Amino acid sequence: MIQTSGVIICLGYILGLLFTAVPWGGVWILVLGLVGAILFRRRYATPRQVAEKPENAGGKTKVVSNAWQAMPHPRIWVAAGLVGLLATLYFQFRVPQPGVKDISQFVPLGNSSNQEQLVIVRGQVASTPRLTRSQRGQFWLEATQLDEVKNEKGPANVPKGVTGKLYVTVPLLQITGLYPSQQIAVTGVLYKPKAASNPGAFDFQKFLKQEGTFAGLIGRQVNILDVDAKRKWGWWQVRERIVRSQVRWLGVPEGPLVSAMVLGSKAVDLPYDIRDLFVQAGLAHALAASGFQTSLILGVILQLTKRFQKQTQFTCGLLGLIIFLSLTGFQAAVLRAVIMGFAALVGLVLKRKVKQLGSLLLAASLLLLFNPLWIWDLGFQLSFLATLGLIVTVPPLVERLGWLPPAIASLIAVPFAATIWTLPVQLFVFGVVPSYSLLLNIVSTPLISIISIGGIISAIAALIWTDAGSFVAGILHYPTDWLIKLVEFFSKLPGNSVAVGSISTWQILTIYALIVLVWLVRWWQQRWWFASLIAVVLVLIPIWHSANTLFRITILAADTEPILVIQDRGKVTLINSGDEGTGRFTILPFLQQQGVNQINWAIANNFQSNDNNAWLELLQRLPIKNFYLYSSKPENSIAIQVIQQELQKHQGIYQALAIGQVVNTGSMVTQLINEQLPILQLQIFDQNWLLVGNIKPKEVQQLVKNGSLTRPQVLWCSPQSLKDLVLALKPKVAIASSANIDQKTLSELSQSQTQLFFTGRDGAIQWTPNGQFETFIQATENRSSVL
């Protein structure tokens with residue numbers, strides 16, 4: 001009874017935090033608690049009533065043990081509702097807010113990463129420096145002092161005392177020799193992070209806010225202030241010793257991979273190509289230190305101390321867990337595993353069997369009491385759900401696979417159960433299904449186990465003697481190399497990942513309701529196939545409907561080049577691609593969110609002087625059926641040759657088009673107006689769209705005078721040409737890439753009848769034939785304002 005009551009209270013707290021995403025979520029939780037108290041009031045019975053209530057069956061009297069009669073007292077349901085209500089208030093109280101002296105308060109208004117107000121920030125290094133995708137060094141800095149850089153004629157500046165944590169990036173060589181707790185001064189440019197500007201894009205502002213950070217610093221130079229100071233001891237030194245020992249004989253990427261599988265990828269600077277490879281293949285969990293490593297450590301310790309008393313086993317096990325937690329850097333998933341491991345140790349001492357489900361809920365509740373913001377941390381969510389699947393779903397799966405040897409049945413059941421419970425969240429966040437994830441997990445589990453066990457032994461040996469750790473790690477060369485090649489093989493198979501599109505909130509709630517029904521209700525357990533069919537239909541029907549009815553144009557927010565995605569009843573046209581970063585972080589996430597698995601028509605206009613490397617990035621992830629290049633560049637360009645080779649792999653067609661040549665892509669007709677100037681005309685239904693690149697105002701006036709430019713309904717142009725083009729062409733809608741336009745120009749443009757949009761201010765802009773232009777940032781603010 002007490003255990004069941006505790007489960008209800010823990011669930012009330014967790015649901016209360018989840019309901020912070022719902023208007024008046026705390027009130028709804030309280031209402032649910034009251035409804036639970038009313039529904040189960042008549043079914044509640046004390047243990048004495050249950051024992052004394054007989055039931056006649058076949059002439060025999062038996063004791064009723066109905067599960068409903070074991071329900072907690074109605075006041076427990078009310079208490080759970082109150083706890084959920086308080087959880088929503090506690091969450092709001094714990095949401096990080098910048099203090100009065102937080103360094104983000106001193107970022108100049110409108111200051112961005114490309115403006116030049118130099119400052120010197122002094123403080124203490126708060127993390128081990130890492131390498132970013134752009135090959136820059138990154139670390140966290142606890143700021144203590146801010147000083148603006150003045151020129152020689154400027155007045156003397158008084159340094160300000162500040163607080164807060166900064167996200168710092170510097171040139172790669174500048175992080176050499178940096179370590180946590182070091183006092184440094186960084187010269188650079190302060191900026192405030194921006195929220196996501198495009199659907200599906202990474203929200204940098206939200207990420208930093210979860211870390212309690214509200215500003216970033218693009219550093220140019222790092223000066224060490226405490227050069228002669230003695231290094232303070234820290235767990236980072238132990239971590240560094242282990243990683244260096246394992247990399248010494250294994251090399252890269254095998255060495256960092258083994259270290260990541262022992263300590264977690266957040267504690268190890270794992271190369272991004274290996275990290276991406278494992279994530280795309282559905283093996284991201286192999287790089288996250290959590291329950292598997294915790295179980296191995298406890299198993300080894302308990303086996304080595306089995307001849308000792310229970311108290312000694314408990315002490316050794318607890319020390320092992322604390323050391324492991326310290327080495328991994330206090331990650332949420334590891335904390336959850338350590339708390340559950342501690343519960344198992346307590347059960348060992350008390351000689352009582354620990355209920356894993358109750359232990360999991362208790363661990364989650366304790367962690368969320370410590371930091372309620374973790375409820376929206378993707379790593380925490382996936383770790384909790386995967387563990388829940390292992391606890392409640394693996395046993396019935398193993399039972400159904402009883403015709404197989406136990407080891408093989410368990411090998412299949414474990415990844416299958418974890419997939420069932422985590423896949424809805426992955427679809428909600430990413431909209432992508434790794435097609436071979438389940439098979440790859442089954443095949444790779446023996447290798448992952450060998451590498452993890454060997455990596456832990458190597459780490460222990462490295463702490464005693466570095467060469468011994470390197471020797472043990474060297475034995476893992478072949479298993480690690482085989483694992484990488486296995487993941488590469490599966491990643492290169494056709495259809496290795498399928499974009500189904502991000503599912504909505506009601507879809508994910510319905511799918512999890514079905515999973516819970518199959519878990520708890522016998523009728524659904526017997527008809528699990530029916531629940532599975534409903535879940536699949538819930539995902540596929542919206543995809544089918546969108547593919548057959550949706551027509552939408554999205555202008556993505558991407559610097560100075562217009563990037564358009566036209567979705568025409570299942571056919572996709574992409575115009576322009578930007579640089580490599582734009583392709584990876586803007587275009588691909590958007591297409592995945594929309595469930596796009598191939599591009600039917602790709603049109604590259606020569607808006608940039610450099611080669612558009614993003615096309616290569618896109619071609620490696622998505623097949624392009626028809627590639628058209630409006631360009632004056634020679635055909636023997638290296639980038640074009642590589643594009644042609646990639647197209648041939650998927651039987652794509654390449655065409656270089658001249659001025660005046662028309663491309664018909666379903667509901668849209670595209671034509672190049674001028675070969676020398678970057679001007680592209682689109683005819684979409686009865687609307688004329690004009691995309692004008694970065695050209696001089698005199699050239700614009702000459703084109704208008706010659707009649708080369710007809711009046712469009714929609715105009716996209718660079719900010720420099722916005723005023724001249726709007727006044728000359730008088731479009732209904734004008735879109736520019738940046739909002740950094742002087743007030744005088746904005747005042748003159750406001751007198752025209754043209755509706756203005758700026759992707760730098762409004763984010764992505766979407767249009768449908770039956771609707772108005774909708775801005776992504778404004779729509780996102782409207783949806784989240786109720787929170």
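I take helices (H or I, at least four residues) and strands (E, at least two) as DSSP runs, numbered from the N terminus.

Before anything else, I note that this is a predicted model, where local features need pLDDT of at least 70, side-chain atom pairs count only at pLDDT 80 or more, and totals for chains, interfaces and linings use all residues. I number residues from 1 along each chain as its sequence is written, and side-chain values use heavy atoms, with hydrogens and water left out.

**Entry: nonpolar patch**

I looked up the surface patches, which are made of residues with over 30% relative accessible area and no salt bridge; like charges are joined within 9 Å and nonpolar side chains (Val, Leu, Ile, Met, Phe, Trp, Tyr) within 5 Å. Areas are from the Shrake-Rupley method with a 1.4 Å probe, and for residues only the protein chains shown count as cover. I found a nonpolar patch on the surface formed by Val516, Leu520, Val521, Trp523, Trp528, Trp529, Phe530, Leu533, Val537 and Ile541, with about 930 Å² of accessible area together. Which helix gives the largest share of the patch? It is α21, with six residues. Both α19 (505-520) and α21 (528-549) supply at least two residues each. I placed Trp529 in α21.

**Entry: helix packing**

For each pair I wanted the angle and the distance between the axes, as this is how two packed helices are described. The axes are lines fitted to C-alpha atoms, for helices over the stretch in contact, and angles run from 0 to 180 degrees between N-to-C directions. I call angles under 35 degrees roughly parallel, over 145 roughly antiparallel, 65 to 115 roughly perpendicular and the rest oblique. A crossing is left-handed if the near helix is turned anticlockwise from the far one by less than a right angle, and right-handed if clockwise. Contact means heavy atoms within 4.5 Å.

I began with α16 (residues 437-464) and α18 (residues 477-491), whose axes are 9 Å apart at an angle of about 165 degrees. The two are therefore roughly antiparallel, and their crossing is left-handed. On the α16 side I see Leu439, Leu440 and Val443 among the contacting residues, and on the α18 side Trp482, Leu483 and Phe490 are included.

Next, α15 (residues 406-429) comes within 9 Å of α16, axis to axis, and crosses at roughly 135 degrees. That makes α15 oblique to α16, and this crossing is right-handed. Leu411, Ile412, Pro415, Phe416 and Thr419 of α15 meet Leu438, Asn441, Ile442, Thr445 and Pro446 of α16.

I also checked α26 (residues 719-729) and α27 (residues 743-750): their axes come within 11 Å and cross at roughly 20 degrees. Leu722, Lys723 and Val726 of α26 make the contact with Thr745, Glu748 and Leu749 of α27. The pair is therefore roughly parallel, with a left-handed crossing.

**Entry: salt bridges and backbone**

I count a salt bridge when a side-chain nitrogen of Lys or Arg is within 4 Å of a carboxyl oxygen of Asp or Glu, and the structure holds eight. One of them joins Arg244 and Glu240 at 3.7 Å, N to O; both lie in α6 (residues 235-250), four residues apart, about one turn of the helix.

Most residues other than glycine have a negative phi, and most peptide bonds are trans. I noted a cis bond from Val252 to Pro253, with omega near 10 degrees; Pro253 sits in the loop between α6 and α7 (254-263). Trp24 has a positive phi, near 55 degrees, and lies in the loop between α1 (2-18) and α2 (25-39).
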